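Here's a quick briefing to read with the structure open beside you. Have a look at the fold below, then come back for the notes.

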Amino acid sequence: MLRPTQRTAFIATVLSQMHCPYRWGAKGERDGVTHQRLFDCSGLVTWALREVCGPDWRGSHNTDRLWADCVRVSHAEEPKPGDLVLYHSKTDPTDPEHVMVYLGDGLVVG
């Protein structure tokens with residue numbers, strides 16, 4: 001669970017990487033030619049969490065692991081900025097395919 005100051009830092013860290021190239025399976029390593037960081041959706045989330053407060057989940061976490069390891073918010077609760085939003089497949093609601101970060105006011109990024 002992130003403290004309020006960590007949530008703010010987490011969101012700022014995620015937003016600081018908005019124009020980095022997408023590469024499936026990438027967890028923040030740098031491209032050998034452009035030297036830009038590379039991310040997929042779970043890679044961005046786990047990299048940003050590591051930058052803000054650890055632990056280093058980059059080697060072990062994808063959307064399936066985030067789905068299993070993170071505390072769920074009940075449907076009655078409003079999401080807070082910094083909460084993760086996991087989207088599942090149309091055919092299997094227990095199989096997440098994408099993770100984003102809630103920014104507030106109905107906006108997500110990732």
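Let's start with one proline: leaving out neighbours within four places in sequence, Pro 93 is in contact with Trp 67 and His 88 (contact means heavy atoms within 4.5 Å). Bear in mind that this is a predicted model, where local features need pLDDT of at least 70, side-chain atom pairs count only at pLDDT 80 or more, and totals for chains, interfaces and linings use all residues. Residues are numbered from 1 along each chain as its sequence is written, and side-chain values use heavy atoms, with hydrogens and water left out.

**Two loop prolines**

- Pro 93 sits in the loop between strand S3 (84–88) and strand S4 (96–104); helices (H or I, at least four residues) and strands (E, at least two) are DSSP runs, numbered from the N terminus.
- With a relative accessible area of 48%, Pro 93 is partly exposed (buried is under 20% relative accessible area, exposed over 50%, partly exposed in between, using a 1.4 Å probe and protein chains only).
- Pro 21 is in the loop between helix H1 (4–15) and strand S1 (27–30), and it counts as partly exposed at 28% relative accessibility.
- Not counting residues up to four places away in sequence, Pro 21 touches Gln 36, Arg 37, Leu 38 and Phe 39.

**Overall fold**

- The protein has three helices and five strands, in the order α-β-β-α-α-β-β-β along the sequence.
- Its radius of gyration is 14 Å, close to the 13 Å that the globule rule gives for 110 residues, so the protein is as compact as a globular protein of that length (the radius is taken over C-alpha atoms, and the rule is 2.2 Å times the number of residues to the power 0.38).
- Along the principal axes, the C-alpha atoms fill a box of roughly 45 × 35 × 25 Å.
- Buried residues account for 35% of the 110 residues.
- Take the contacts between residues at least 6 apart in sequence: 35% of them join residues at least 24 apart.

**Confidence**

- The average pLDDT is 86, and 97% of the residues score at least 70 (pLDDT is the predictor's confidence in each residue, from 0 to 100).
- Confidence is lowest in helix H3 (residues 63–69), at a mean of 74, and highest in strand S2 (residues 37–39), at 96.
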